[in-house]
Amino acid sequence: MAKNDLIFQKIISNERFADAYNVVPSKYPNLDAGKRALQPEVRAVSEIVHDINFQIEQKKADMRIRKQSGPVTLDASFFQTLYRKIVSSLTK
């Protein structure tokens, strides 16, 4: 199982999350299943995990090209964009 799938599973398997949104974690074995979910909360979690991981991988690739090392930091603008995207998908 991929790292993203494990993170996604841990989030939706959280007792408080599952109870609050009536999520059955076994219905969503991986991130792709979460993206196709009918429940908007599960879809939102899968989008967040996917987008953050994609951004981190892009930053790592950019750092390798520039021969830089160290921790990856994400801009506040990325998080604002992600927030707006998730809020708009949840309010539809």
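Start by selecting Asn4: leaving out residues up to four places away in sequence, Asn4 touches Leu31, Val49 and Asn53. Touching, or contact, here means heavy atoms within 4.5 Å. Asn4 sits in helix α1, and at 16% relative accessibility it counts as buried. The cut-offs for that word are these: buried is under 20% relative accessible area, exposed is over 50%, and partly exposed lies in between, with a 1.4 Å probe and protein chains only.

Before you go on, a word about what is on screen. This is a predicted model, in which local features need pLDDT of at least 70 and side-chain atom pairs count only at pLDDT 80 or more, while totals for chains, interfaces and linings use all residues. Residues are numbered from 1 along each chain as its sequence is written, and side-chain values use heavy atoms, with hydrogens and water left out.

**Zoom out**

Show the whole protein as a cartoon. It has five helices and zero strands, in the order α-α-α-α-α along the sequence. Helices (H or I, at least four residues) and strands (E, at least two) are DSSP runs, numbered from the N terminus. Along the principal axes, the C-alpha atoms fill a box of roughly 45 × 30 × 20 Å. The protein has 92 residues, of which 27% count as buried. Among contacts with a separation of 6 or more, 40% are between residues 24 or more positions apart.

**Select α1**

Now colour Asn4, Asp5, Phe8, Gln9 and Ile12, the buried residues of α1. Why do they lie on the same side of α1? They cover an arc of only 130 degrees around the axis, which puts them there; the arc is that of the directions from the helix axis to the C-beta atoms. Their cover includes α2, α3 (31-35) and α4.

Display α1 and α4 together. Two packed helices are described by the angle between their axes and the distance between the axes. Here the axes come within 10 Å and cross at roughly 145 degrees. Axes are lines fitted to C-alpha atoms, for helices over the stretch in contact, and angles run from 0 to 180 degrees between N-to-C directions. The crossing of α1 and α4 is right-handed: a crossing is left-handed if the near helix is turned anticlockwise from the far one by less than a right angle, and right-handed if clockwise. On the α1 side, the contact is made by Lys3, Asn4, Ile7, Phe8, Ile11 and Ile12. On the α4 side, look for Val42, Val45, Ser46, Val49, Asn53 and Glu57.

Pick out Ile11 from α1. Ile11 is partly exposed, with a relative accessible area of 34%. Leaving aside neighbours within four places in sequence, Ile11 is in contact with Phe17, Val45 and Val49.

**Into the core**

Which residues make up the largest nonpolar core? Select Phe8, Ile12, Phe17, Val23, Tyr28, Leu31, Ala37, Val42, Val45 and Val49, 10 residues in total. Such a core is a set of buried Ala, Val, Leu, Ile, Met, Phe, Trp, Tyr and Cys residues joined through side-chain atoms within 4.5 Å. The elements giving two or more residues to this core are α1 (3-13) and α4 (40-65), and α4 gives the most, with three.

Stay with Phe17, which is buried at 15% relative accessibility. Beyond four places in sequence, Phe17 is in contact with Ile11, Ile12, Val23, Glu41 and Val45.

**Find the aromatic pairs**

A search of the whole structure finds two aromatic pairs. In the pair of Phe17 and Tyr21, the ring centres are 5.1 Å apart and the planes at 55 degrees, so this pair is tilted. Rings of Phe, Tyr and Trp (its six-membered ring) pair if their centres lie within 6.5 Å; planes under 30 degrees apart count as stacked, over 60 as edge-to-face and the rest as tilted. Phe17 and Tyr21 are four residues apart in helix α2 (residues 15-21), separated by about one helical turn. Tyr21 is partly exposed, at 38%.

Phe78 and Phe79 form an edge-to-face pair, 5.2 Å centre to centre with 65 degrees between the planes. Phe78 is buried at 15% relative accessibility, whereas Phe79 is partly exposed at 38%.

**Last stop: two loops**

Select Asn22 in the loop between α2 and α3. Asn22 has a positive phi of about 50 degrees although it is not a glycine, and it is exposed at 63% relative accessibility.
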